[in-house]
Amino acid sequence: MCTAATYTTKDHYFGRNLDLEFSYNETVTVTPRNYPFQFRKVKALESHYAMIGMAFVVDNYPLYYDATNEKGLSMAGLNFPENADYKQETEGKDNVTPFEFIPWILGQCSTIKEVKELLGRINLININFSEKLPLSPLHWMISDRNESITVESVKEGLKIYDNPVGILTNNPTFDIQIFNLNNYVNVTREVPENRFSNAIALDIYSRGMGGIGIPGDLSSSSRFVKAVFTKLNSVSGTSESESISQFFHILGSVNQERGCVRLAEDTYEITIYSSCCNIDKGVYYYKTYENSQITGVDMHNENLNSQNLVSYPLIKEQQIKIQN
Ligand SMILES: C[C@H](CCC(=O)NCCS(=O)(=O)O)[C@H]1CC[C@H]2[C@@H]3CC[C@@H]4C[C@H](O)CC[C@]4(C)[C@H]3C[C@H](O)[C@]12C
């Protein structure tokens, strides 16, 4: 499972947790403007917006999990098993495969308004990258500085939802996730009052009791509620340090610790990495399961007019500072 989030202080931030039981060889990858983006069914983008994000690079092709372009438009793919439904090629449409979707959108758009125009012509088709990398059932959150949408290709067609909370997890479909928030109308960050009954004296014996009812398990609908509550109640300073610290705490509220979700004998789902991109500055920060230090890659430190991908392998070991 995964969780994606947006956050605004002085700058704007976009990131995600990637939760899985194994890792491909993902790297922080910058695609400069003149890298020729080939597509299976639509014409190549010989030049396009530059982007930075997490990608598994195969045969010099960046398979992005999440990315931000130089205009700040951002996009993340999250697991959407049983619901994702990709289509046959259709004439008159932009036939794009799921693994091409992030480059296609981020290469050409700078705002959600422009994204919606492109989405009007798109058809997400059922072509895999290779035998070894089959189709993944995904849905996506796409965000600019001001708004987010959720895109789901399901049996009935392509659904585009406004995402007013700027959070995405996994199943069920987004309309149900949003509806489910109604069930938490009573949850509060304030000191709760006794609305249970006047007939009995109830004591507020601990801080945080207004939050009782927020789910604490790691299922995707529970993570959705927890992450929305944490984000919408978030308070932080506006410096870069304070902002990214707060962002990683929002993602940390739905972190997956090894051992709590068992998939098979000796196989557990964990938060492989958490990312936070400053979408105004094009700096991509990450932490991994075992490296709690924040590492950053600044896209503007690369030659964005080049034709060649630049990839930084993740630093995965703890960077411990001994203080004495
Ligand atoms: C698995 C991840 C979602 C995390 C998640 O939700 N895990 C819960 C699993 S579970 O639901 O609990 O069982 C998703 C998110 C993005 C995906 C890549 C996108 C590019 C590319 C697309 C190709 O088609 C296939 C290979 C490819 C590298 C993809 C592999 C994998 O699919 C990635 C990493």
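Over residues 2-312 the chain is 16% helix and 32% strand, and its end C-alpha atoms are 22 Å apart. The model is predicted. According to the unreviewed UniProt entry, the annotation "domain: Choloylglycine hydrolase/NAAA C-terminal" covers residues 2-312.

Start with the empty space. Rolling a probe the size of a water molecule over the atoms shows where empty space is left. The largest pocket holds about 710 Å³ of space. Its lining is made of 28 residues, and those closest to its centre are Y24, Y65, N79, S136 and L138. By class, the lining of the largest pocket has 21 nonpolar, three polar and four charged residues.

The second largest pocket has a volume of about 530 Å³. It is lined by 19 residues. P192, E193, N194, R195 and M209 lie nearest its centre. By class, this second lining has nine nonpolar, six polar and four charged residues.

## Helix α1

Which residues of α1 are buried? They are F101, I102, P103, W104, I105, L106 and G107. The helix runs over residues 101-108. Because seven of its eight residues are buried, α1 is largely enclosed by the rest of the structure.

N180 is found in helix α3, which spans residues 174-180. N180 is buried, because its relative accessible area of 17% is under the 20% cut-off. Setting aside its neighbours within four places in sequence, N180 is in contact with S221 and V225.

Q256 sits in a loop, between α5 (240-252) and β13 (262-264). Its relative accessibility is 1%, so Q256 counts as buried. What does the side chain of Q256 make a polar contact with? The partner is the side chain of E269, at 3.4 Å.

## Backbone exceptions

Now the backbone. Most residues other than glycine have a negative phi, and most peptide bonds are trans.

A cis peptide bond joins N171 and P172, with omega about -5°. P172 lies in the loop between β12 (167-168) and α3.

N60 is not a glycine, yet its phi is positive, near 60°. N60 is placed in the loop between β4 (51-58) and β5. E82 also is not a glycine, and its phi is positive at about 70°. The loop that holds E82 runs between β6 and β7 (94-96).

Is E82 buried or exposed? E82 is exposed, because its relative accessible area of 79% is over 50%. N60 has 48% relative accessibility, so N60 counts as partly exposed.

## Loop residues and spans

K43 is in the loop between β3 (27-31) and β4. At 69% relative accessibility, K43 counts as exposed. K43 and S74 are 31 residues apart along the chain, and their C-alpha atoms are separated by 22 Å.

N233 is in the loop between α4 (220-232) and α5. N233 is partly exposed, because its relative accessible area of 24% lies between the 20% and 50% cut-offs. Where does the side chain of N233 have a polar atom 2.9 Å from a backbone oxygen? That oxygen belongs to F229. The C-alpha atoms of N233 and I250 are separated by 9.9 Å, with the two residues 17 apart along the chain.

## Accessibility table

The table gathers the relative accessible areas of the residues discussed above.

| Residue | Relative accessible area | Class |
|---|---|---|
| Q256 | 1% | buried |
| N180 | 17% | buried |
| N233 | 24% | partly exposed |
| N60 | 48% | partly exposed |
| K43 | 69% | exposed |
| E82 | 79% | exposed |

Terms used. Residues are numbered from 1 along each chain as its sequence is written. This is a predicted model: local features need pLDDT of at least 70, side-chain atom pairs count only at pLDDT 80 or more; totals for chains, interfaces and linings use all residues. Side-chain values use heavy atoms; hydrogens and water are left out. On a 1 Å grid over the protein atoms alone, a cavity is a set of points where a 1.4 Å probe fits but cannot get out, and a pocket is an open set with protein on both sides within 12 Å along at least five of seven lines; lining residues have an atom within 4 Å of a point. Grid points are joined across faces, edges and corners, and a volume is the space filled by probe spheres set on the points. Ala, Val, Leu, Ile, Met, Phe, Trp, Tyr, Cys and Pro count as nonpolar, Asp, Glu, Lys and Arg as charged, and the others, Gly among them, as polar. UniProt positions are given in the numbering used here, feature names are shortened, and annotations may be inferred rather than shown by experiment. Helices (H or I, at least four residues) and strands (E, at least two) are DSSP runs, numbered from the N terminus. Buried means under 20% relative accessible area, exposed over 50%, partly exposed in between (1.4 Å probe, protein chains only). Contact means heavy atoms within 4.5 Å. A polar contact is a pair of N or O atoms within 3.5 Å; within protein, one must be able to donate a hydrogen and the other to accept it, and residues adjacent in sequence count only if both atoms are side-chain atoms.
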